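The structure comes first, then my entries.

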Amino acid sequence: MNIEFKHSNINRRFNNAYNDLLNRLPQIHDILLDGKGFGNDLLGWIDLPLNIKDQIADIKQTATSIQQKCEAFVVIGIGGSYLGAKAVIEALSNNFNALHKDRQYPLILFAGQTLSEDYMADLLDILDQKDYCLAVISKSGTTTEPAIALRILKSHLEKKYGKEEARQRIIAITDRDKGVLKSLAIREGYKTYTVPDDVGGRFSVLTPVGLLPIAVAGFDISSIVNGACRMRDEVMQKHDSNPAWQYAAIRNALLENGKVIELMVNYKPNLTYFSEWWKQLFGESEGKENKGLFPASVNNTTDLHSLGQYIQEGMRLMFETTIHIEHSRSRVVIPQNANDEDGLQYLQDKSLTYINHRAEEGTQQAHLEGDVPQITISIDKINEESIGELIYFFEFACGLSGYLLGVNPFNQPGVEAYKRNMFRLLGK
Ligand code: PA5
């Protein structure tokens, strides 16, 4: 992984801010690792790539038994209990996985991340026709959206298979001993995995929360964890060239210089949910006490024909962080056309990746000229290892960045406000 930064308008103010932040990082790094900062009861994610290794065999075994008996696997969860699995599965899967006739592994379907009645009804229609199992994931075990989805799907599963068989088809991933879900799991005898006490939801993708659904989808979770371990070694280095230090310092220096929106940019639709995961990670971690960058995302080149106009010429509030992928897993080239009716002769025999890369380069130049600073994070290709690296990179950078900003990156007090109103309106 490589990180690069370009700014058309580097001035003394930006440079001073960047250098000040970088100078603070050795201390911030120690505060994070020594557990002396805010939210230090939620730092279990730091050593997770090492500690989770003991559980991998058991997770793989459960995944295999699910693969053997199910055509679909429903993952019930919201926020950090859903986005990590969704992001990784989409990034690694065939873009048309659901339609693929040679698909080997269960289709992973998500529930409990929305209260949409139509979504649930459509899901139930599909599940009427498929053999399925489900995992209900909630660290607190009390979150309303997944609890509602579980009540509906448990009843569907029991009608379809009978109570005894339904119990064998439900897995609960929750707190070690607290919460309604834990009590239900004990009462019903569900297979259970624990979300460690010291790992918050949005940092939990490398626990069974993310790893079980990813393994059921047929991906090699050992390689994901190995990738995370490799990145862990890299970002542990106390050095100015540490990419997590650089990313944390650049984005905070830009924030101090009026760039209040960070856009995560990808050029591949199957990274859309990786951006969603990143948005939750940084948005919930930093957006508090009237502080924090607003994390947003675009999927290019699609969005160059919509938000591209704003990015080029609208209010100068943003910078972009592009995930550059050097190699694609497939090759499609522009075919010959003797008459050149479409005027695309200059592209003949060029691959789509070549063209996509030129679009990326051209966009970055244009946006730079439009005073949109550019961070580029480059990886060779998308696979289990590189996804593991990216996950750990962003988690570590998020911890550092939150401390630089002066907030507790590991809580989310603001999420309670909507719940209070909703419960009052529902007469709870
Ligand atoms: O990052 C977080 O802690 C949150 O986004 C949670 O993951 C989300 O609210 C779901 O919580 P729970 O897993 O307790 O149902």
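Which atom in the side chain of Thr143 is 2.5 Å from an oxygen atom of the ligand? I found an N or O atom there, 2.5 Å from the ligand oxygen. I count N or O pairs within 3.5 Å as polar contacts.

I noted that this is a predicted model, where local features need pLDDT of at least 70, side-chain atom pairs count only at pLDDT 80 or more, and totals for chains, interfaces and linings use all residues. Residues are numbered from 1 along each chain as its sequence is written, and side-chain values use heavy atoms, without hydrogens and water.

I then checked Ser140. One of its polar side-chain atoms lies 2.7 Å from a ligand oxygen. Gly80 uses a backbone N or O atom, 2.9 Å from an oxygen of the ligand. The protein covers 88% of the 390 Å² of accessible area that the ligand has on its own (Shrake-Rupley method, 1.4 Å probe).

Next I looked at the shell. It holds one nonpolar, nine polar and three charged residues, with Gly counted as polar.

Then I turned to the domains, whose bounds come from an automatic or database assignment. The chain is divided into domain 1 (2-36 + 225-412) and domain 2 (45-219). Both give residues to the shell, so the ligand lies between them. Their centres, taken over C-alpha atoms, are 29 Å apart. I found 34 residues of domain 1 in contact (heavy atoms within 4.5 Å) with 28 residues of domain 2.

Key
Polar contact = N/O pair within 3.5 Å; in protein donor to acceptor, adjacent residues only side chain to side chain.
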